[in-house]
Amino acid sequence: MKEKDLEKVKKLILKRWQDSLFGENFRPVIEVREYLENCTTGIVSGIVKLFSGKKAGELERALDDFMRYLATDKNIGPGQAVMTIIDLKNIIYNIFPDMSLKDYRKLDKIIDDVASMAFDIYSALREEIFELRLMEKEKEKRMLERSIELTLENQEFYDNIRIRR
């Protein structure tokens, strides 16, 4: 397999990967679909460039955007998120079943590195989401405490005890 071969089938790799990720029944709003298509296109292009020995500047941005989408789904764990990247290996291996051992190892390392980067990004995003939810809960708690204070302010109860602060 040569770099040119991988470049020629880039669209096929992308199509098969998107089909495996989203399936035929995936019908999000147009903006989400375009967002995900841009992310996956950037990831596949980045991997092809890395395999060709070029720099893949758009890869990290595309990977960050894709992991951001996956991190917002509470039903997708870190393993599943990383497996979406690792699935690219099998797709490429199925397209090039007679790949040389040298190319196999090269592609394997590239995708493993990208998957590792994806895990780091995903974990950081989930942590950020957790912190945002925690801040939201703290805000709700303060609002409830304040509403209780306002409700109890200068109230008389059935035993004629008045609460004052």
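The exercises below move from the overall fold to individual residues.

The model is predicted: local features need pLDDT of at least 70, side-chain atom pairs count only at pLDDT 80 or more, and totals for chains, interfaces and linings use all residues. Residues are numbered from 1 along each chain as its sequence is written, and side-chain values use heavy atoms, with hydrogens and water left out.

**Exercise 1. State how many helices and strands the protein has, and what share of its residues is buried.**

Step 1. Helices (H or I, at least four residues) and strands (E, at least two) are DSSP runs, numbered from the N terminus. The protein has 6 helices and 0 strands, in the order α-α-α-α-α-α from the N terminus on.

Step 2. Buried means under 20% relative accessible area, exposed over 50%, and partly exposed in between (1.4 Å probe, protein chains only). Of the 165 residues, 32% count as buried.

**Exercise 2. Find the aromatic pairs in the structure and classify them.**

Step 1. Rings of Phe, Tyr and Trp (its six-membered ring) pair if their centres lie within 6.5 Å; planes under 30 degrees apart count as stacked, over 60 as edge-to-face and the rest as tilted. The search of the whole structure gives 2 aromatic pairs.

Step 2. The ring centres of Trp-17 and Phe-66 are 5.7 Å apart and the planes stand at 55°, so this pair is tilted. Because Trp-17 belongs to helix 2 (residues 10-22) and Phe-66 to helix 4 (residues 57-71), the pair ties together parts 49 residues apart in sequence. Both Trp-17 and Phe-66 are buried.

Step 3. For Tyr-93 and Tyr-104, the centres are 4.7 Å apart and the planes are at 25°, so the pair is stacked. Tyr-93 is in helix 5 (residues 78-95) and Tyr-104 in helix 6 (residues 101-152), 11 residues apart. Tyr-93 is buried, at a relative accessible area of 14%, whereas Tyr-104 is partly exposed, at 37%.

**Exercise 3. Describe the surroundings of Thr-84.**

Step 1. Thr-84 counts as buried, at 11% relative accessibility.

Step 2. A polar atom of the Thr-84 side chain lies 2.4 Å from the backbone oxygen of Ala-81.

Step 3. Contact means heavy atoms within 4.5 Å. Not counting residues up to four places away in sequence, Thr-84 touches Trp-17, Leu-21, Phe-66, Met-67 and Leu-70.

**Exercise 4. Which side chain is joined to that of Lys-89 by a polar contact?**

Step 1. Lys-89 lies in helix 5 and is buried, with a relative accessible area of 11%.

Step 2. A polar contact is a pair of N or O atoms within 3.5 Å; within protein, one must be able to donate a hydrogen and the other to accept it, and residues adjacent in sequence count only if both atoms are side-chain atoms. The side chains of Lys-89 and Asp-112 are joined by such a contact, of 2.6 Å.

Step 3. Leaving aside neighbours within four places in sequence, Lys-89 is in contact with Asp-108, Ile-111 and Asp-112.
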